[in-house]
Amino acid sequence: MTRVCVIGIGHTDFNCMTPDVNWKDIMYEACQKAYADASIDPRKDITSFITCAEDYWEGFSIFDEFVPDQIGAVLRPCCTVCGDGIYGLGTAYMQIQSGLMDVVSIEAHSKVSDLLTYGDVMLHAFDPIYDRPVSGPVERPNYSGLPSYPPENPKPLAGKTDETERVHPYFLAGLEMQHYLRNTNTTEEDCAMIAVKNKKNAFLNPYADYEANITVDHVMKSEYCFKPLKKLDISPNVDGAICFVLANEKITRELGIEPIYLSGFGWCSETPWLSTRGMEAEYAKKSAAMAYKMAGIVNPRKEINIAEIDDRFTYKELQHLEAIGLARKGEAKELLREGALEIKGSIPINSSGGSLGVGNSLEATGLQKSLEIVTQLRGHAGKRQIPDVKVGLAQSWREIPSGSGAVAIFTRG
Amino acid sequence: MTFIEKQTDPTAPTHWRGNMQADYFYSNGVAGDKLFKYIKNNDGFLATPCKKCNKVLFPPRMYCENCFEEIPEDQWIQVPATGTVRLFTIATINAHGEKMKEPKIMALINIDETDGALLGVINAKEWEKDYTDLKVKAIFKSKEEREGTLKDILYWNIIS
Amino acid sequence: MEKSNKKEITYPKNPAGTHLRSSDIRNKVITHSWWEPEIQYAWSIGPAMSKFLHGLKEGKILGIHCHKCKRLITPPRSFCEYCYGPTDTWVELKDTGTINTYSISYLDPNANRIEDPILIGVISIDGAYPKPMGFMHYFGEMSKDEIKIGMRVKAVWKPENEREGAITDIKYFKPYGGD
């Protein structure tokens, strides 16, 4: 059986706004850079193209149709995975392992600055019968006729008046954070330390957009948004695009590329019912177990050198660390306090700055995590380079309100 | 540089506005319809016991997501509209990311006599209090006003 | 597969279902939930579309070259989807063209029946290549019996003070006799 190797990576800078370029342009830039990195011609050498995107983030029905041009896939096998970019890696892995495809391009991006109503789109992902109505008023749509066309443009934002105000969907993170803190005796200060660490790491990452020199005190004094979740516990949104090129081992050798293997992959989804979901990131635990088994990892704590863990909210980094077995339950805060999670620590976590430091790049999050691991394995991480990295893990979660996530393990050949 | 030309004129057109109109009527489903028709006439809930998993599922379902076993209609039970606060958060930010005029206490409430829970808003205004494990009771709209949705519950009152 | 290998199926074999019509929702035969999300965008258009829209405001249709693929593309884009290289030189095109295909619509955008049909189609813009190269628009000053593929057409522009940098700065395309 062949092994699956990373032969190219490319990305744009990550910016809180990108008014000068459209979604096609950022995808094109990331892909061009990845194809140049792999020294391949996408119009000839790539056999399959995958984009990971969600229609509502983009503002298109059937976003798939808007994809081929900018990734080099016109008149070629191309598909869209509706999910985090890390699922694209898994899909590519299967296509290559099955022998169906030799070289696969995977792209994911965020153009969240195009979206004026992020909170409402996320509420739209809640269960419409049992969960959404709790967030606030729901006006009964007028059923007498079809919507006016063309729509009034721009329409006033309904949520801006008190009568129609809905609660921001991040309140679910507030609920889960409370559960985590209580069950692990972790403090809000511990969570604040995650924000401080990741925003500090981001200074060493040229493409990060939310680097900051802050202290635990800054985080603690930032306002409660969804108590105990505070403003600085939340990763702010960012635009950016990332492209990966994977290939089988034969082609990788022919191209003279030192292989970095995608050696393990796992994914898992929990029930959407909030009532029966454990709120303990079981999805991360199970996807990591699957990935460890595939990669032949028996003792993750000893065998994994670095990890990029989903940190869309500060407590999530600690919760995920425990779920994937890099810390025992309740132990993540101890590792954090000892400094083990720092770039110079024994198990550096989110050396890229994570979502707190780089920004929350929506469906690109899993690829941003993977990008950092591959950069570190290549030894190209500059000032944040961690010495002797052989095995790295990237983990991502599909954010609120999901209980879905995936883990990818990369190994230097 | 991946492009030959870039946008350098900040006064040039940069964006295009648009809405995505996506209004829905969701049928509540066979199980949901049964629950909400019950709520229209009763200040209580229905739940579905899964005999195989030994769990009382709430909100009620046609099948258990754990063992995938069908739950026969004759096994449905009535449960009170009371519960215990499992988790709560004090939300101060609205869906547009702005501060709300008044915070809202959002809670995940374990429903009595079931293994399930429901999201709800707690009718209280103490922002420093710990609401965990408090007993709460659903306050419904008047029967004439009920429409058969979760909106028939106005909020939850603390009863202990 | 051997029948004996099959597991006993325990999940609903004949799950109960209800046949629903939209009238059952309107007449409240069944309970239902509703939701109207607030979903708005301000899509960045990027440098190529920006220049194109600005051109329309000035009453011009712009195109851009991909010299490698020998294409003159309109609406313009930052890169050529065939060779995957960046596009290069801007060109002002004529506002005339040929009907590539069309449709006669007896439904308005809200799907109401209409007497006077909407004529809509794709126009190959003169000077852009390879054919077909152009965009979709309305047709006017012609009847449903007159419209045909291959017909020569010319843009009818909104008055300059009403143009806003949109594809609708062209009102429609009308029949065009002389070249």
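1. Conventions. Residues are numbered from 1 along each chain as its sequence is written, while chains are lettered from A and ligands numbered from 1 in the order in which they are written. Because the model is predicted, local features need pLDDT of at least 70 and side-chain atom pairs count only at pLDDT 80 or more, whereas totals for chains, interfaces and linings use all residues.

2. Chain A overall. Chain A holds 16 helices and 11 strands, where helices (H or I, at least four residues) and strands (E, at least two) are DSSP runs numbered from the N terminus. Its radius of gyration is 21 Å, close to the 22 Å that the globule rule gives for 413 residues, so chain A is as compact as a globular protein of that length; the radius is taken over C-alpha atoms, and the rule is 2.2 Å times the number of residues to the power 0.38. Along the principal axes, the C-alpha atoms of chain A fill a box of roughly 65 × 55 × 40 Å.

3. Burial in chain A. Of the 413 residues of chain A, 60% count as buried, a residue being buried if 20 or more other C-beta atoms, placed from the backbone, lie within 10 Å of its own.

4. Helix 7 of chain A. This helix, residues 171-184, reaches 20 Å from its first C-alpha to its last, close to the 20 Å expected at 1.5 Å a residue, the expected span being 1.5 Å times one less than the number of residues. Helix 7 of chain A is mostly covered, with 10 of its 14 residues buried, among them Phe171(A), Glu176(A) and Tyr180(A). The buried residues pack against strand 5, strand 6 and helix 13 of chain A, together with strand 6 and strand 7 of chain B. After the helix comes Asn185(A), whose phi is positive, near 55°.

5. The contact between the chains. In all, 43 residues of chain B are in contact with 45 residues of chain A, contact meaning that the C-beta atoms, placed from the backbone, lie within 7 Å. On the side of chain B that touches chain A, the largest share, seven residues, comes from strand 6 of chain B.

6. Pairing across the chains. Strand 5 (residues 224-227) of chain A and strand 6 of chain B run antiparallel and are joined by two bridges, and strands pair if DSSP finds at least two bridges between them. Within this pairing, Lys227(A) stands opposite Ile90(B).

Definitions and conventions:
Contact = placed C-beta atoms within 7 Å. Buried ≥ 20, exposed ≤ 12 C-beta atoms within 10 Å, placed from the backbone.
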